[in-house]
Protein chains: 2
Amino acid sequence: MPKLTDAERDELLPTLPEWNHDAGRDAITRTFRFADFNAAFGFMTRVAMLAEKADHHPEWSNVWNRVEILLTTHDANGLSRRDIALAKAIDALV
Amino acid sequence: MPKLTDAERDELLPTLPEWNHDAGRDAITRTFRFADFNAAFGFMTRVAMLAEKADHHPEWSNVWNRVEILLTTHDANGLSRRDIALAKAIDALV
């Protein structure tokens, strides 16, 4: 899975307007907020199943109703199409 | 829920030998490693249910097979007996 080219970034990153590009990690990040822990962890469970099915997993953290997700492809040493696909699948949950 | 006294810390923290005391946050932390993401998230789901039942929630993060948990009591501005109880319940899962 190769790292995204400059042309692919120009095409794909604007399709994820809710995600921020972390240039230092070459990753994309998004913070989600929910009504409470129950809702936040319910969301995490749905993301976990997406991730397991795609065999591509987030780096993520949770505090009460907040979930922070960072996506990057360790094997590519940066963003790949797998991150874009997982971000879109996550966005479709909310 | 009051913050633990010095005497309570001397009594209770040694009962959690796998946990580290983060003096800056006045929190306790522990890192867990599992075979894979499936096992790590399965553990997180069990912890989430303990936390919800206790109405006391961790600050935590996950990367693949690793889960880092930090426990503190925001209302007490530091460690309370609720953190000790949740840590013991988490330890009993593994």
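**Burial of B:D83**

A residue is called buried under 20% relative accessible area, exposed over 50% and partly exposed in between (1.4 Å probe, protein chains only). B:D83, with 0% relative accessibility, therefore counts as buried.

**Basis of the description**

This is a predicted model, in which local features need pLDDT of at least 70 and side-chain atom pairs count only at pLDDT 80 or more, whereas totals for chains, interfaces and linings use all residues. Residues are numbered from 1 along each chain as its sequence is written, chains are lettered from A and ligands numbered from 1 in the order in which they are written, and side-chain values use heavy atoms, with hydrogens and water left out.

B:D83 belongs to helix α3 of chain B, residues 81-91 (helices are DSSP runs of H or I, at least four residues, numbered from the N terminus). Beyond its neighbours within four places in sequence, B:D83 has contacts (heavy atoms within 4.5 Å) with residues including B:I28, B:H56 and B:L71. A polar atom of the B:D83 side chain lies 3.2 Å from the backbone nitrogen of B:T72.

**Aromatic pairs**

Rings of Phe, Tyr and Trp (its six-membered ring) pair if their centres lie within 6.5 Å; planes under 30 degrees apart count as stacked, over 60 as edge-to-face and the rest as tilted. Over all chains, the whole structure holds 11 aromatic pairs. One of them, A:F34 with A:F43, is tilted, at 4.9 Å centre to centre and 35° between the planes. The ring centres of B:F34 and B:F43 are 4.9 Å apart and their planes lie at 35°, so this pair is tilted.

A:F43 is buried at 5% relative accessibility, and B:F43 is buried at 6% relative accessible area. One aromatic cluster comprises A:F37, A:F41, A:W60, B:F37, B:F41 and B:W60.

Technical notes:
Helix = DSSP H or I, 4+ residues; strand = E, 2+ residues; numbered from the N terminus. Polar contact = N/O pair within 3.5 Å; in protein donor to acceptor, adjacent residues only side chain to side chain.
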